[in-house]
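I opened the notebook to go through the two chains one element at a time. The entries below follow the order in which I looked things up.

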Amino acid sequence: MLSLKNDGACHGIDCLQLVVQGRPLEYHGARDVRSLLESQGEKAAYANVRINGNVLNRRDFENIPIKEGDQIDFLYFMGGGSCLI
Amino acid sequence: MFNLSDEEILRYSRHIILTEVGGTGQQKLKDASVLVVGAGGLGSPVLLYLSAAGIGRIGVIEDDVVDVTNLQRQVIHATADIEKPKVHSASETMKQINPHIEVDVYHERLTKDNILPLIDKYDIVVDGVDNFPTRYLINDACVMKQKYLVEGGILRFMGLIMSIHGGETACYRCVFEEPPPPGTVPSCAEAGVLGAVAGVVGTLQATEVLKIVTGVGTPLFNRLLQFDAEELRFHEVNAPRNPKCPVCGDNPTITELIEYAYTCETQAPGTS
């Protein structure tokens, strides 16, 4: 799960206040979408990401920054195998 | 006038007593036809509840046979059904539950060659498939035919539900434009699935069908509902129509049905 620190000290330098899956989150990781996703562990492999209502292209995950106040939804692909070509 | 026998009125009395449903709603259910694609993890609860609710004609399409590994979640089948075609096993259970319904059985795979005439015969399509090629095929066909579609997916401890009115509300591609890259999304056979999660999601799909048919409430249109059983949380995401959607957007690039190819379909049969 996401790293969640409730020490009341979320500063812009090393901590971002985000809204992830509709819930407030204090995020301490690297500020790109892929890093946030990877903090989700294995689920990251099969999620699309939406920031502030916009669905991102998966190829851009490393290049898209996350910033204070972003509302982020993970949209999980479900119900299929890994068998596509 | 209602075309319901005394036995049917008694059988459906807990529906009929709901003022939002009533005799009128129950008659709508009897007059409705629903195609359920897949008789597996999701298809099982969908078929059970639609049968019990008195949907007049239910089609079920599935080419697989019952395997012992299915029985942990595919509750329409029993141990004695192992090796039977799932459509036959499902149909027998459905008729035992409710002899008043008609069941159309299609022991075949849904393809781009048979899907359009098939869905034409039904008011609503329910997606209970175990693979992305068929999932996208169903979505695209329902957009092209302006059909109602109730989407559902499960994996591990998670589920997803979305109701669609093809061409009118957001479709699956509005949110998931293309299938995930090969190798990124495991199947239930590879990653596992908690059996009861199929029950939660399939039962919600059946609920959506009953709402759409009777006109009760607000269907899950332009919204995506994700279910996390580990935390027991539902997360709803607004999902309006996407003008850039390749099948229902302003300038669609998909105008004919396409079928994405499988590379390992024989390794994970009937795993939904």
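How many bridges join β7(B) to β8(B), and do the two strands run parallel or antiparallel? I found 6 bridges between β7(B) and β8(B), in the antiparallel sense. I note at the outset that this is a predicted model.

**Entry: β7 of chain B and its partners**

The pairing of β6(B) with β7(B) is antiparallel and has 4 bridges.

I then checked the turn. β7(B) and β8(B) make a hairpin with 4 residues between the strands, and B:Leu232 in that turn has a positive phi of about 45°. As for cover, I counted 5 of the 6 residues of β7(B) as buried.

**Entry: the sheet of chain B**

For a parallel pair I looked at β1 (residues 33-37) and β2 of chain B, which are joined over 5 bridges. Within this pair, B:Val34 has B:Ile58 of β2(B) as its bridge partner.

**Entry: helices on the sheet of chain B**

Helix α5 of chain B covers residues 86-97, 12 residues in total, and spans 16 Å from first to last C-alpha, close to the 16 Å expected at 1.5 Å a residue.

Which residues of α5(B) are buried? I listed B:Lys86, B:Val87, B:Ser89, B:Ala90, B:Ser91, B:Thr93 and B:Met94. An α-helix has 3.6 residues a turn, so residues three or four places apart point the same way. I kept that in mind when reading the list. The buried residues of α5(B) pack against α4 (43-53), β2 (57-61) and β3 (102-106) of chain B.

**Entry: chain A**

I moved to chain A, which has 1 helix and 5 strands. Read from the N terminus, the elements of chain A follow β-β-α-β-β-β. The 5 strands form an open sheet in the order β2-β1-β5-β3-β4 (chain A), with mixed pairing. β2 (23-27) and β4 of chain A are the edge strands, and each pairs on one side only.

Strand β1(A) runs parallel to strand β5 (residues 71-76) of chain A, with 2 bridges between them. I located one partner: A:Val19 is bridged to A:Gln71 in β5(A).

For chain A as a whole, I noted that 47% of its 85 residues count as buried. Its accessible surface is about 4200 Å², and carbon and sulfur atoms account for 50% of that. Of the contacts in chain A with a separation of 6 or more, 49% are between residues 24 or more positions apart.

**Entry: confidence in chain A**

I checked pLDDT before going further. Chain A has a mean of 79, with 75% of its residues at 70 or more. In residues 81-85 of chain A the pLDDT is below 50, yet this stretch has 26 contacts in the model beyond near neighbours in sequence.

I looked up A:Gln21, which is not a glycine but has a positive phi of about 55°. A:Gln21 sits in the loop between β1 and β2 of chain A. Is A:Gln21 buried or exposed? A:Gln21 is buried, at a relative accessible area of 19%.

In chain B I noted B:Arg156, also not a glycine, with a positive phi near 55°. B:Arg156 is in the loop between β5 and β6 of chain B. With a relative accessible area of 22%, B:Arg156 is partly exposed. The cut-off for buried is under 20%.

Note on methods. Residues numbered from 1 in each chain as written. Chains lettered and ligands numbered in written order. Predicted model: local features only at pLDDT ≥ 70, side-chain atom pairs only at ≥ 80, totals over all residues. Heavy atoms only, no water. Expected span 1.5 Å × (residues − 1). Buried < 20%, exposed > 50% of the residue type's maximum accessible area, 1.4 Å probe, protein only. Contact = heavy atoms within 4.5 Å. pLDDT = per-residue confidence, 0-100. Pairing = 2+ DSSP bridges. Areas by Shrake-Rupley, 256 points an atom, 1.4 Å probe, with all protein chains shown as cover.
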